[in-house]
Amino acid sequence: QVQLVESGGGLVQAGGSLRLSCAASGHTFSSYAMGWFRRSPGKEREFVAAISWSGVIYYADSVKGRFTISRDSAKNTVYLQMNSLKPEDTAVYSCAAGGLSNNERAMDYWGKGTLVTVSS
């Protein structure tokens, strides 16, 4: 069993930066790939980024070059550094643990999410 708690969301102006954190509890954190997904108002949840236990990383095209995912296994934490934020990045961001995939169906555990609002 893995519990995930996100933090770091908030209101930021376009062009600004935020760093999201996802703290995991459970003895098998290092066994899982970790992913970030987001859901914008009126839209389906979409993949943002994922990282395997060995450091393999995937990004959605929409965030490539602006967002960076990383993990600190000693702290059982995964991060999402978001730079050059755009209004269209406004969403509830959730972290998830499971397989290394851009498909939410591959994830076994989910956090409740943290809201990111980017003003123009």
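1. Handedness of the disulfide. The link between C22 and C95 is right-handed, with 45° about the S-S bond. It joins C22 in strand β3 to C95 in strand β9 (residues 91-98), 73 residues apart, and so links distant parts of the chain. The two sulfur atoms are 1.9 Å apart. A disulfide here is a pair of cysteine sulfur atoms within 2.5 Å, and by this rule the count comes to one. Both C22 and C95 are buried, where buried means under 20% relative accessible area, exposed over 50%, and partly exposed in between (1.4 Å probe, protein chains only). Strands are DSSP runs of E with at least two residues, and helices are runs of H or I with at least four, numbered from the N terminus.

2. Basis of the values. This is a predicted model, in which local features need pLDDT of at least 70 and side-chain atom pairs count only at pLDDT 80 or more, while totals for chains, interfaces and linings use all residues. Residues are numbered from 1 along each chain as its sequence is written, and side-chain values use heavy atoms, with hydrogens and water left out.

3. Two strands count as paired if DSSP finds at least two bridges between them. Strand β7 and strand β8 (residues 77-82) have six bridges in the antiparallel sense, and F67 stands opposite M82 in β8.

4. Strand β9 and its partners. Seven of the eight residues of β9 are buried, which leaves the strand mostly covered. Strand β9 pairs with β4 in the antiparallel sense over seven bridges, and here R38 stands opposite Y93 in β9. With strand β11 (residues 114-119), β9 has three antiparallel bridges, and Y93 stands opposite T114 in β11. Strands β9 and β10 also pair in the antiparallel sense, over three bridges; the bridge partner of G98 in β10 is M107. In a regular strand the side chains alternate between the two faces of the sheet.

5. Salt bridges around D89. A salt bridge is a side-chain nitrogen of Lys or Arg within 4 Å of a carboxyl oxygen of Asp or Glu, and a search of the whole structure finds five. One of them joins D89 to R38, with the closest N and O atoms 2.9 Å apart. This pair links distant parts of the chain, D89 in the loop between β8 and β9 and R38 in strand β4, 51 residues apart. D89 counts as buried at 1% relative accessibility, and R38 is buried with a relative accessible area of 4%. The side chains of R66 and D89 also meet in a salt bridge, at 2.7 Å from N to O. R66 lies in the loop between β6 (57-59) and β7 and D89 in the loop between β8 and β9, so the pair ties together parts that are 23 residues apart in sequence. Both R66 and D89 are buried. Through shared partners, salt bridges join R38, E46, R66 and D89 into one network.

6. An exposed partner. D61 forms a salt bridge with K64, the closest N and O atoms being 3.1 Å apart. D61 is exposed, with a relative accessible area of 67%.

7. Aromatic pairs. Rings of Phe, Tyr and Trp (its six-membered ring) pair if their centres lie within 6.5 Å; planes under 30 degrees apart count as stacked, over 60 as edge-to-face and the rest as tilted. The whole structure has three such pairs. The rings of Y32 and Y109 have centres 5.7 Å apart and planes at 85°, so this pair is edge-to-face. Y32 is in the loop between β3 (18-25) and β4 (33-39) and Y109 in strand β10 (residues 107-110), 77 residues apart. Both Y32 and Y109 are buried.

8. The cluster and a charge over a ring. F37, F47 and W110 form one aromatic cluster. R45 lies over the face of W110, at 3.8 Å from the ring centre. A charge sits over a ring if NZ of Lys or CZ of Arg is within 6 Å of the ring centre and within 35 degrees of the ring normal.
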